[in-house]
Amino acid sequence: MLAKSILISLLNYNYEANEQVLRQVEALTGDALNADANISYGSIFELVRHMADTEWSWRRIARGEAAQQLLWEVEDLSDVPALRRFLAEEQTRTVAYVEGLSEDELDNSVSLGSNQDDQPSAARVWQILVHLLNHSTHHRAELSRQLAEVGHPVDENDIDYLGYAVRSY
């Protein structure tokens, strides 16, 4: 039960930390939001959209579902309010999914198709969820740096895990 509790705590922290970043993203003008930036995916908006796509895709993969399409091919994610709505819904779906898993199910193997050498590839459900968290942390750091550069810094205390844990205790 501890592994599941830890994963749920980390997921909730992840969503709260992402929320702090989204608040700063919402404060940007269209120019700053869509300007070319020295971050992956080229602009703040495109990076946030990529994060939403990845959250959705990896949850689906963990459940054994196909994730062949990009999220914005099936959802209207043309602006920050649409992204915010989608991310709130995805948070609910992901936490409910993990809450519904047993410890044994967290250790289930999930096919990831073939690797670059055309060999079968797989991961455990818990590993996919940790990857999702790590991926989000990586891009949140990119966004935090870029937001500071455009005058909308994210307060480090707002995205600190231990601070979250103390507030949630």
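1. Start with how H1 and H3 cross: H1 passes H3 in a left-handed crossing. Left-handed here means that the near helix is turned anticlockwise from the far one by less than a right angle. The helices are DSSP runs (H or I, at least four residues), numbered from the N terminus. Bear in mind that this is a predicted model, where local features need pLDDT of at least 70, side-chain atom pairs count only at pLDDT 80 or more, and totals for chains, interfaces and linings use all residues. Residues are numbered from 1 along each chain as its sequence is written, and side-chain values use heavy atoms, with hydrogens and water left out.

2. Now the geometry of that pair. H1 and H3 pack at about 155°, and their axes are 12 Å apart. (Axes are lines fitted to C-alpha atoms, for helices over the stretch in contact; angles run from 0 to 180 degrees between N-to-C directions.) The two are therefore roughly antiparallel, a label for angles over 145 degrees, while those under 35 count as roughly parallel.

3. Who touches whom? H1 brings Asn14, Tyr15, Asn18, Leu22 and Val25, and H3 answers with Ile44, Val48, Met51 and Glu55. Contact means heavy atoms within 4.5 Å. By class, the residues of this contact are 6 nonpolar, 2 polar and 1 charged. (Ala, Val, Leu, Ile, Met, Phe, Trp, Tyr, Cys and Pro count as nonpolar, Asp, Glu, Lys and Arg as charged, and the others, Gly among them, as polar.)

4. H3 has another partner, helix H4 (residues 80-99): their angle is about 25° and their axes lie 10 Å apart. That makes H3 roughly parallel to H4. This crossing is left-handed. On the H3 side, the contact includes Phe45, Val48, Trp56 and Arg59; on the H4 side, Leu83, Phe86, Glu90 and Tyr97 are among the residues. The contact divides into 10 nonpolar, 1 polar and 5 charged residues.

5. The whole structure has 1 cavity of 30 Å³ or more, and the largest cavity has a volume of about 90 Å³. On a 1 Å grid over the protein atoms alone, a cavity is a set of points where a 1.4 Å probe fits but cannot get out, and lining residues have an atom within 4 Å of a point. Grid points are joined across faces, edges and corners, and a volume is the space filled by probe spheres set on the points.

6. Which element gives the largest share of the lining of the largest cavity? H3 does, with 4 residues. Asn18, Leu22, Val48 and Arg140 are among the lining residues, and by class the lining has 7 nonpolar, 1 polar and 2 charged.

Technical notes. 1 Å grid on protein atoms, 1.4 Å probe; cavity = no way out; pocket = protein on both sides within 12 Å on 5 of 7 lines; lining within 4 Å. Parallel < 35°, antiparallel > 145°, perpendicular 65-115°, else oblique.
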